[in-house]
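Here is a short walk through one protein model. Keep the coordinates open and follow along.

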Amino acid sequence: MEIVSENKAFGGTQGVYSHNSHSCGCEMTFGLFLPEEAKYGRVPVLWYLSGLTCTHENAMVKAGAQGWAAEHGIALVFPDTSPRGDAVADDAAYDLGKGAGFYVDATETPWAPNYNMWTYVSEDLPSMLQEDFPLDMTRQAITGHSMGGHGALTLAMSLPGRFRSVSAFAPICNPTGADWGQKQLSAYLGDDKAAWANHDSSVLMREKGFDGPVLIDQGADDQFINLLRPETLAAAAAERRQEITLRMQKGYDHSYFFVSSFMEEHVAFHADALYAD
């Protein structure tokens, strides 16, 4: 692992680091905020998964999360959204290829050698973080925006016991039923729609649910709301009788102005779960 940068922030340290990823077969970069409490012992962890076209940097710079995390003594992890490098397959469209890993392990050509973001986020990166930083991996929570909200929800429901809480900002809720999803899932996973269902939070909510608190914020004026399909997740939660808070925020769009407006509440929501015992 190499240090790209480290800056003092809110009494703690905002770092950027790179490492060779076994799962993605390339060099990967991630951001990690450590609060001041990390100088004295292990701290709980909140993962933030970013959306289409983003790198590790977007949320790290724009979401305004570090100050709130510092108040609660929580570390923040900002992974990248896809593998990177000249040898990594890409596509001319913004919603496929680099910046659009969709948090799946690809099985199809030309994506399979590198596009293993599910394993990267669930196994590769956590293993390295636990070894190299003072993080309490028994206390983890996860959130994300858009494609990252999709990733946060699917990981939380597919890895029972891993995360104490999950939240999302304008998540892609039903990728098997919308253009934001069908295109990418077919490209990365082929025609096996059973494999697609494993990466659809509405399907997973209906079949598995989540044993913990769930918070979703969705901008009512989001320009992509018809692709996000929040109503499918709400219906699945109601059908399962899953406890969930889904708030339609009047006047808000899909931007980081929306995300940063509610970040304080999301960090506090996760802090309640991370410190519950």
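**Rings, a kinked helix and a buried glutamine**

Ring pairs link Phe169, Tyr252, Phe258 and Phe262 into a cluster. The model is a predicted one. In total, the structure holds 11 aromatic pairs. One of them is formed by Trp111 and Tyr188, with an edge-to-face geometry: 5.5 Å centre to centre and 85° between the planes. Trp111 sits in the loop between strand 5 and helix 3, and Tyr188 sits in helix 5, so the pair ties together parts that are 77 residues apart in sequence. Both Trp111 and Tyr188 are buried.

Turn now to helix 10, which spans residues 256–274. Its N-terminal end is capped by Ser255. There, a side-chain oxygen of Ser255 lies 3.2 Å from the backbone nitrogen of Phe257. Further along, helix 10 has a kink of about 50°, centred on Met263. Met263 is itself buried. Other buried residues of helix 10 include Phe258 and Phe262, and these two also belong to the ring cluster. His266 and His270 are among the buried residues of helix 10 too.

Next, find Gln14 in strand 2, residues 12–21. Gln14 counts as buried because its relative accessibility is 9%, below the 20% cut-off. What does its side chain meet in polar contacts? The side chain of Gln66 is one partner, at 2.9 Å. The backbone oxygen of Leu32 lies 3.5 Å from a polar atom of the Gln14 side chain. Beyond its neighbours within four places in sequence, Gln14 is in contact with residues including Ser5, Gly31, Phe33, Met60 and Phe78. Trp180, by C-alpha, lies 32 Å from Gln14 in space and 166 residues away in sequence.

Notes. Residues numbered from 1 in each chain as written. Predicted model: local features only at pLDDT ≥ 70, side-chain atom pairs only at ≥ 80, totals over all residues. Heavy atoms only, no water. Bend = angle between axes of the 7 residues up to and from the residue. Helix = DSSP H or I, 4+ residues; strand = E, 2+ residues; numbered from the N terminus. Buried < 20%, exposed > 50% of the residue type's maximum accessible area, 1.4 Å probe, protein only. Polar contact = N/O pair within 3.5 Å; in protein donor to acceptor, adjacent residues only side chain to side chain. Phe/Tyr/Trp six-rings, centres within 6.5 Å; stacked < 30°, edge-to-face > 60°. Contact = heavy atoms within 4.5 Å.
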